[in-house]
Amino acid sequence: MKATFISREKNDVKFTMEFTAEEFENAQVKAYQRTKDQFQVDGFRKGKAPRSIIEKRYGEGIFFEEAIDELFNENYVKALKELELEVIDSPAAEFSKIAKGEGFTATITVPCYPIVEVKDYKGVEIEKVVNEVKDEDVDKEIEALQKRNARVVVVERAAKEGDTVLLDYSGFVGEEQFDGGTAENQELKLGSGMFIPGFEEQLVGVTPGEKKDVVVTFPEEYHAEDLAGKEAVFHCLVHEVKEEQLPELDDEFAKDVSEYDTLEELKKSTLERLEKYAKAGAETKMQDAALGKVVEANDVEVPVVMIQDEMDRMAQELDQQLRYQGMSLGQYLEFVGKDIAEFRDELKPDAERQVKTRMILMGIVEAEKIEVTEDEMEEEIKVMAIQYQTTADKIKEMIGMENLTFLEKDLKVKKAIQFIYDNAVIK
């Protein structure tokens, strides 16, 4: 097969695929082998009639359509890759004269990813963003590390808010014990808000071995309708009271939880890390601001099919997220009282803006001849491997070698965003 580019008018690209007589004949042989069982010819068992007999009876072009379909399906994607075309919709094809013993040409017209001439993407004016890191931010980080390394120990005293109690309880409405209101050796952190409002507060002050009746009223919107709005009594027996004991913030603490020998070194490292994140966060905000101005400055006509595809992608992404929570997109829409048409109407503005933004960025990629090196690809794959806690080879396997071009395009888009920012005027 020989692919030849002919022309491009706006988004429509025209090219040809030329097939030799030999390629066409081989495709007809395959078509015969694949479909011969469908033909019943007098004098032959089903599926045993020679190709020449079938062609004589049904016409010499009986296998043409099947053969053409096979050649097209096998070679269309190859032609797109060879001509470096990114299509956004289905192709239309016209064929030259088809005859036995001859080759033929397919002329393809297909909508392709739009080429956008982007204006005003250099010298964009944006406001400087500074994310300041204060001493109290470092203190909060150290305190969080201290809490993560706290020990929980049993104490012989009355329970306070923040303590964890180990208890048995059984719940009653009137004289009747209700389902789901009974537990043994249940741990409950007082003040966590894990139980019915008012329950945890009444256990403040209890001592190990003490019995306590806790009286609460279930919320009116409680999920169990037979309990909603009703008063209940929980007969509780507290076995233990536990408290968190925080380690001392000293050099020994730093040695235990980090690679540093002193608390001051740990604080200095924490400050540097927070400042790095703050700087990256500020840069991201400024990049977003610069990109937003470029998008607003360019009036781009977005193909409807690309908007529809983006809406499909967004809907599929939400459906996957919902399924992790045990709900489908259909169930979610039923819950919020919307049909799929209303839902897609709500997605459309964001979908259109996302497609427009990517079209503009790809236009900058083309204009500035932005490329991605193999080293940059490898580095991105290493980052992904760390993110997903696997190896670079596993990431390549997950992506698939044939899909690495999509990763390459994503990196080009990131570079285009960085290009806009690097050439912006920061005030």
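**Notebook: salt bridges and cysteines**

I began with Arg51, which is buried at a relative accessible area of 14%. The model I am reading is predicted.

I looked up the partner of Arg51 and found a salt bridge to Glu25, with the closest N and O atoms 2.6 Å apart. Arg51 sits in helix H2 (residues 51-58) and Glu25 in helix H1 (residues 21-35), so this pair ties together parts that are 26 residues apart in sequence. Glu25 is partly exposed, at 28% relative accessible area.

Next I checked Glu125 and Lys427, whose side chains form a salt bridge at 3.3 Å, N to O. Glu125 belongs to strand E5 (residues 125-126) and Lys427 to the segment after strand E11 (425-426), so the contact ties together parts that are 302 residues apart in sequence. I noted Glu125 as partly exposed at 41% and Lys427 as exposed at 52% relative accessibility.

Then I turned to helix H7 (residues 304-324), which holds both Asp319 and Arg323, four residues apart, about one turn of the helix. Their salt bridge has its closest N and O atoms 3.0 Å apart. Asp319 is buried at 17%, whereas Arg323 is exposed at 54%.

I also listed a network of salt bridges that links Lys30, Arg34, Glu66, Glu70 and Glu74. Over the whole structure, my search gave 29 salt bridges.

Last, I looked at the cysteines. I count zero disulfides, taking a pair of cysteine sulfur atoms within 2.5 Å as the criterion. Cys112 is buried at 1% relative accessibility, and Cys236 is buried at 4% relative accessible area.

How values were computed
Residues are numbered from 1 along each chain as its sequence is written. This is a predicted model: local features need pLDDT of at least 70, side-chain atom pairs count only at pLDDT 80 or more; totals for chains, interfaces and linings use all residues. Side-chain values use heavy atoms; hydrogens and water are left out. Buried means under 20% relative accessible area, exposed over 50%, partly exposed in between (1.4 Å probe, protein chains only). A salt bridge is a side-chain nitrogen of Lys or Arg within 4 Å of a carboxyl oxygen of Asp or Glu. Helices (H or I, at least four residues) and strands (E, at least two) are DSSP runs, numbered from the N terminus.
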